[in-house]
Amino acid sequence: MIRADRWGNRRTVVDPSVPAVEVVELTQRFGPVLAVDRLSLSIPPGMFYGIVGPNGAGKTTTLTAVCGLREPTSGSIRIAGHDLRTDRDTALAQLGVMMDGLSLPERLTATELLRYSAGLRGLDDGWQARAGDLLEILGLDVVPRTLIVEYSTGMRKKINLALAMLHRPRVLVLDEPFEAIDPVSAHSIEQVLKQYVGAGGTVLLSSHIMDFVERNCRRVAVVAGGRVLVEGPVAEVTAGSTLNERFVELVGADPVRHLEWLG
Amino acid sequence: MTRTLFALKLRLFRNGPHNERGFSLVAGLVLAALVIAGAAVAARGVIDEGWVLVALTVWGGMWLFGPLAQPRHDPSVISREWLRGYPIPAWRLARALSWTEMLGVGPLITLVCLSSLVVLATPRGPATVAIAVAAVPAQLYLLIWAGKTVAASAAWLLQTGAGMTLAAVQTAVMLSLSFAGWVPVAAWLLPRLGDGDTALTVPSAVRLPTSLTDMLTALPTGWGYSAVVPRDSAASNLVMLLALGALLHLVWIALTAHALRRSPRRAAPQRPATPGRGLPWPFTAPRVSAVAARELATWTRDPARGVELRTAWLTPLFMALIIGVTDWSWALPLAGPAAAVFGAMVAINTYALDGTALWQLLTTPGAIKADVYGRMVTWALLFGLPSVVLTAVLWAVTASPLGGVAVHGAISAAAVGCAVAPLLAVVMPAVGADARDRVYPGQQAGDPTGGQMTIFPVVLLAAGIPAIIGAVTGDRWWVTALATVLLATAVLSMTPTLVVRLLHQRGTRLLDAMASRDTATLRPSALTKG
């Protein structure tokens, strides 16, 4: 079914029976290293979904494959029912992507970047109102002449989020959206994401900020060694303790011996 | 400390990489041997000894303006960033570091070259030989510290707003001298070539004009020579060499100590006066138009691209200046096709310069095709059309008989440059620091020499094809025009399709290569692995 929104744009209404993201038996090898090992996830639409895991667990590799930025060794990925391998353009059109540590067109201002992105996607005129809203809410409208290359880490996260949301995708894939940013920036991003999910969008994110995941995500997958250790509603996974405690328990932490020379 | 730094420098040399250093050593020794051979011939009176002075002046110029002072991306340079963390006074550290700067290929080959002074001195007796033996290290000392001081000053200037223009002017001077520096000599030998007269004017090459040798001996690069050959002021020349060398040595220590005391400052990037509006580009789709607007902003604001843009514009103008002061003004329109060649050479690394921003193109449906065509449209606007216009203007000004051929050559070269530059940017990316980490021109942005050496003959050949076909078919203008149109149409229609296909096939690997700064994943052997 197709319905018009407040900007007059036509949007396809989401079928709740089709997973927003479906990863089946995803395997990713880098030479002899097995980064992701037959990992499967099924994320329904409208879900705030978190992936947590230690460094090197395969979180970013999985999200990179979900975004189409890496060809998996085996397995399949479907975005809103569209296979990423056979129906790539339609699958990608459903996605908004925010990857950690990658450049943007660095010599543009925030407004120029959003205009460029709108042009590149062939968006209709409604993008201008959305861009204005996003820049204002994320506090980027106060530095209209600053180039992206001059942005702080927090500002980068914010403009990445604005870029990911500009075309109103059905699924947001966010790699470490809260890594190395201040609490005020994190708060802005968190509020925007809550609104997005409240309006029916799906968020798939990876994070080391257990507090955030526990507070916002409805489901969580704990990943280690490229495999899902446990997956389910946050309350079930935590089983009465905090997510942080449960995480350490699941992943295991080496005992730290006493350093005599510090005494 | 000096001993420790020397040991570190030797280890850096030993651990390589050796390719570039080996090439520089062999090429430098060959050139130095030619200077010595020239000195031997001059010592017997076959040619004027002034030719040795000319060679030594050019060699000194390479220290000041060229690659001898600071080879690009030389991994044997001890990192200032690494030393900055040590609790040692910066002045002391810089002084110890200065002695390690004397080690290297540049000083070695220059020492060999300067030994030509001893060859010149030999027929003049043991006293002159003794002066020459003293003049060689004194001249070497001056050249090394002149070159190092210029390089250190340039490194500081590159962090300022004027850095882009400064770096571009230096490169443009070197390029224009390399490509058109022979024209004054050729015009001297063949002054009436433009009228079809190929009679060679045999110059009295055995003697150089006295005014020229006087001027060259007055320069610091000629002080060692003038201590040996005229020998009228040997002592004072040697003292001047050592005094100026010591002064420059001190300046270098001061500049290095200053650099060690504070981390490199971030130059303010070129911001737009007002947040720009998208430009309505005629004849282009909205997506291509969006890419073209991005490219135009990037060419003017990115420090590495800014240097390349200015270099590509300045080099043909400097070439035109060099040609314009000779009797070969009929050759001026050829600076136009040369502009297209330089435009192509500076645009062959744009994907690597944009770095990991490629992810956006790979995750946006239809973006790759728009990106390729957008880059081509921008290239045509910045380099292609200006090169054709420059050719036409120079044709109109000089009324050169080569004007028509030059215009056809410029159109062909522009078409091939426009189409092939994005192709090489995908196939031969020179990956350096990612776009987000580059603020000023001095930061490593990847060395695209391989790609530039590949596209140079391709575009040069394209510039010549219409003229060759025209000549073969009896100089009929319409044949030349038809050849130009066919070549341009073929290359502009086929190449972008290939680039788009390549980006679809290997775009993710290209992104990996830029994220890891390792292009090994793009090699054919890696492409066959799962």
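Predicted model: local features only at pLDDT ≥ 70, side-chain atom pairs only at ≥ 80, totals over all residues.
Let me start with two helices of chain B, H3(B), residues 50-65, and H11(B), residues 210-218, whose axes come within 10 Å and cross at roughly 45°; axes here are lines fitted to C-alpha atoms over the stretch in contact, with angles running from 0 to 180 degrees between N-to-C directions. H3(B) and H11(B) are therefore oblique to each other, oblique being what remains once angles under 35 degrees count as roughly parallel, over 145 as roughly antiparallel and 65 to 115 as roughly perpendicular. On the H3(B) side the contact is made by B:Gly50, B:Leu53, B:Val54 and B:Thr57, and on the H11(B) side by B:Thr213, B:Leu216 and B:Thr217, where contact means C-beta atoms, placed from the backbone, within 7 Å.

Residues are numbered from 1 along each chain as its sequence is written, with chains lettered from A and ligands numbered from 1 in the order in which they are written.

Turning to the contact between the chains, 36 residues come from chain B and 34 residues from chain A. On the chain B side, H14(B) gives the most, with ten residues; helices are DSSP runs of H or I, at least four residues, numbered from the N terminus.

As for confidence, chain A averages a pLDDT of 90, and 95% of its residues score at least 70, on the predictor's scale from 0 to 100 for each residue. Over residues 6-10 of chain A, however, pLDDT stays under 50.

Key. Contact = placed C-beta atoms within 7 Å.
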